[in-house]
Each structure stands twice: as structure tokens, then as C-alpha cells.
Amino acid sequence: MTGFQDWVEAMVTSQNMAEYNTHFNNRETAFMWQSLMFRMSYRCSYCMAVCPAGEEVKPGYWENKKDHVERILKPLRDRQEPVYVMAGSKAEARVKRNPHKIVRVVPGMMRTPPK
């Protein structure tokens, strides 16, 4: 689980909730708890919701692409939320271009340059 050790460390070392909340917000905490209680989730549904390749969304996408973008893509793009990335990755560079996303570099997961 990416970030699990950081989450445990933040819980153990934080003196109070205010300090803990400097590491993880309520949404992140709930997501981690949900992953532990039910199953790991990679939030793939976000991408699938805006991807016309998903069987469930194909008809709506093909019927009205503009409406699909307005109803599905833009709300996800504009949602303020953390995005977890590896330091120096293309994902880190890309997410920095979206003012609604909060870049969270995952410690301990450094990108190894290709040989």
C-alpha cells in the first residue's frame, strides 16, 4: 500500500489531531481506512469514468461527447484533492499544471532513471 507506512508513522508520532492533519486530511484518512476494511482501491474508477473505453460509459460518451465532458470529466479535473506521485516522474510534472490538485510526493518511492 503506497503511503501506508507514512500513515502509520503520522498516527503514532502526532501529538494531537491538528498535527496529524498536517500529514493527512480527513478524506485521505477515510480512504486509507476504507482500503484496510474492504479492499485496496487504486481510484481507477476516476479514469474509467472519463474514458470512453469503459463499456458502461460508452453510450453516453458517443451520444453527447460535450455533455460527457461537462458532467464527468470537468468535475473530476476540477475537484481539489491530493494526487500521489513519485518524485521526478512525468506524473509529478503533469499534476503541477492543474491548480486544483495537491501534489503529494510519496516518500521512499524515488523514480529510478532508465539505463
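Which residues does Arg27 touch, not counting residues up to four places away in sequence? Select Arg27 and look around its side: Arg79, Gln80 and Glu81 are the residues it touches beyond that range, where contact means heavy atoms within 4.5 Å.

Before going further, note what is on the screen. This is a predicted model, in which local features need pLDDT of at least 70, side-chain atom pairs count only at pLDDT 80 or more, and totals for chains, interfaces and linings use all residues. Residues are numbered from 1 along each chain as its sequence is written, and side-chain values use heavy atoms, with hydrogens and water left out.

**The whole chain**

Show the chain as a cartoon. Its secondary structure comes to seven helices and two strands; these are DSSP runs numbered from the N terminus, helices being H or I with at least four residues and strands being E with at least two. Along the sequence the pattern reads α-α-α-α-α-α-β-α-β.

Now switch to a surface. The accessible surface is about 8,800 Å², and 59% of that belongs to carbon and sulfur atoms (areas come from the Shrake-Rupley method with a 1.4 Å probe; for residues, only the protein chains shown count as cover). Of the 115 residues, 20% count as buried. Buried means under 20% relative accessible area, exposed means over 50%, and partly exposed lies in between, with a 1.4 Å probe and protein chains only.

**Helix 3**

Return to Arg27, which is found in helix 3. Arg27 counts as partly exposed because its relative accessibility is 41%.

Is Glu28 buried or exposed? Glu28 is buried, because its relative accessible area is 4%. Leaving out residues up to four places away in sequence, Glu28 touches His23, Pro82, Tyr84 and Arg104. A polar atom of the Glu28 side chain lies 2.7 Å from the backbone nitrogen of Asn25.

**The nonpolar core**

Select Trp7, Ala10, Tyr20, Phe24 and Met32. These five residues make up the largest nonpolar core, a core being a set of buried Ala, Val, Leu, Ile, Met, Phe, Trp, Tyr and Cys residues joined through side-chain atoms within 4.5 Å.

**Helix 6**

Move to residues 65–78, which form helix 6. This helix has 14 residues and reaches 18 Å from its first C-alpha to its last, close to the 20 Å expected at 1.5 Å a residue (the expected span is 1.5 Å times one less than the number of residues). Where in helix 6 is the kink? The kink, of about 30°, lies at Ile72, shortly before the proline Pro75. The bend at a residue is the angle between axes fitted to the seven residues ending there and the seven starting there.

**Towards strand 2**

Select Asn98, in the loop between helix 7 (90–95) and strand 2. Asn98 counts as buried because its relative accessibility is 17%. A polar atom of the Asn98 side chain lies 2.8 Å from the backbone nitrogen of His100.

Finish at Val106, in strand 2 (residues 101–110). Val106 counts as buried because its relative accessibility is 6%.

Key: A polar contact is a pair of N or O atoms within 3.5 Å; within protein, one must be able to donate a hydrogen and the other to accept it, and residues adjacent in sequence count only if both atoms are side-chain atoms.
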